[in-house]
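Please look over the model below before reading my notes. They are meant for someone new to protein structures.

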Amino acid sequence: MKTLIYPSRECWNSIVERPHLDVSELNAIVNGVLSDIRANGDKAVKAYEEKFDKVVLNSLQVSEEEMNEAETLVSSDLKNALRQAHHNILRFHESQRFESTKVETCEGVTCWQKSVAIEKVGLYIPGGTAPLFSTVLMLATPAKIAGCREIVLCTPPNREGKVHPAILMAARIAGVSKIFKAGGVQAIGAMAYGTESVPKVSKIFGPGNQFVMAAKQQVSLHDAAIDMPAGPSEVCVIADHTSNPVFVAADLLSQAEHGTDSQVILISTSNALIERTQEEIERQLEVLPRKEIAKKTLENSQMILVHDTLEAIDLSNEYAPEHLIICTEDYESLAEKVVNAGSVFLGPLACESAGDYASGTNHTLPTHGYAMAYSGVNLDSYCRKITFQHITEKGINSIGRTVELMAENEQLDAHKNAMTVRIHQCRS
């Protein structure tokens, strides 16, 4: 990892800048696949599964027999872990339920909101280099709480045409029954457009590689909403002289092993901590099965020495990390100053892995600086707020003339008239 010593604020823009990729060719490839899926449905999905996932599928949908078989292949310990994680995720997201309040904005005018679940949602669960069964719980649990009528899950199968049993077990625990064997761009297209097998959904959730992200953004223009734009995963750790370098190194490596395009940053007030963390990274790295991936990530990552923790939190807010770990002595006061981050982990014992799996918070988060404008997935992500208003005669008397004047001055006479005829009715 590159180390920067007391960089000036004029240099911060280059520090927080993410890599920019030329995606013109990628977008063209994605557009071609999506067009094929839209035109040819299941046939095209199966063809791309054969091409990209090297598997010939007779049927896209996971059968009940496959669900039952998967349950026998998952250990009791992992089942219990999945149930505990599901319980915590359920409990945290249930606390986010919306309670509507009717407000009389002026005499005779009452306004309120109603929260309504999105009827059909699609969940994308990557297979790739690691089966993300935890993401099943993160996406399906709030969808069930919200009351989504149809939850469709797509995930790539292996070369034997099987979905990883832990993914199916997590889906059963979370209450998802419509599961399809489709990965990558073809999965996003199938859910956005609908095929003979895969239902069309209104909103698509879930992480993925750059092809999946490009597909989500393309279908969001016309066919289905998406949870958020996203890029590669990232973590920022703020540490000081009291921080444990073993913990800090472990946190950085836990994110670095995600993929070679991930990014990790350490911001510290202690040069000694930076040096000890670097040594600890080298020691821990050697025993990681995914060490080659982590090594590549570390080449694009940085350790930054700053003067104090206030400067550290300012730099972090400029970076707007997906995950932020604050393990300094003053972590509680720094937490109050966080304005841009996806999910924050406070104190020496709150590792990012806890939020990734079982603390209860959601791990589907904005990356690539989008934390400046987007929230992570939460219960509201699966709902729409519909507004209502009711106006009595007293309400017409309260706001009628205001509406007329504003409509008249916007030169929208039909708008004005809609109020004027009501004013006359109430006066007669």
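The points below go from the whole protein to one strand and its neighbours.

1. This is a predicted model, in which local features need pLDDT of at least 70, side-chain atom pairs count only at pLDDT 80 or more, and totals for chains, interfaces and linings use all residues. Residues are numbered from 1 along each chain as its sequence is written, and side-chain values use heavy atoms, with hydrogens and water left out.

2. The protein has 16 helices and 14 strands; these are DSSP runs numbered from the N terminus, H or I with at least four residues for helices and E with at least two for strands. Along the principal axes, the C-alpha atoms fill a box of roughly 85 × 60 × 45 Å.

3. Of the 428 residues, 47% count as buried (under 20% relative accessible area, with a 1.4 Å probe and protein chains only; exposed is over 50%, partly exposed in between).

4. Strand 10 (residues 263–268) has six of its six residues buried, so the rest of the structure largely encloses it. Gln263, Ile265 and Ile267 point one way from strand 10, while Val264, Leu266 and Ser268 point the other way.

5. Strand 9 (residues 234–239) runs parallel to strand 10, joined by six bridges; two strands pair if DSSP finds at least two bridges between them. Cys236 has Ile265 of strand 10 as its bridge partner.
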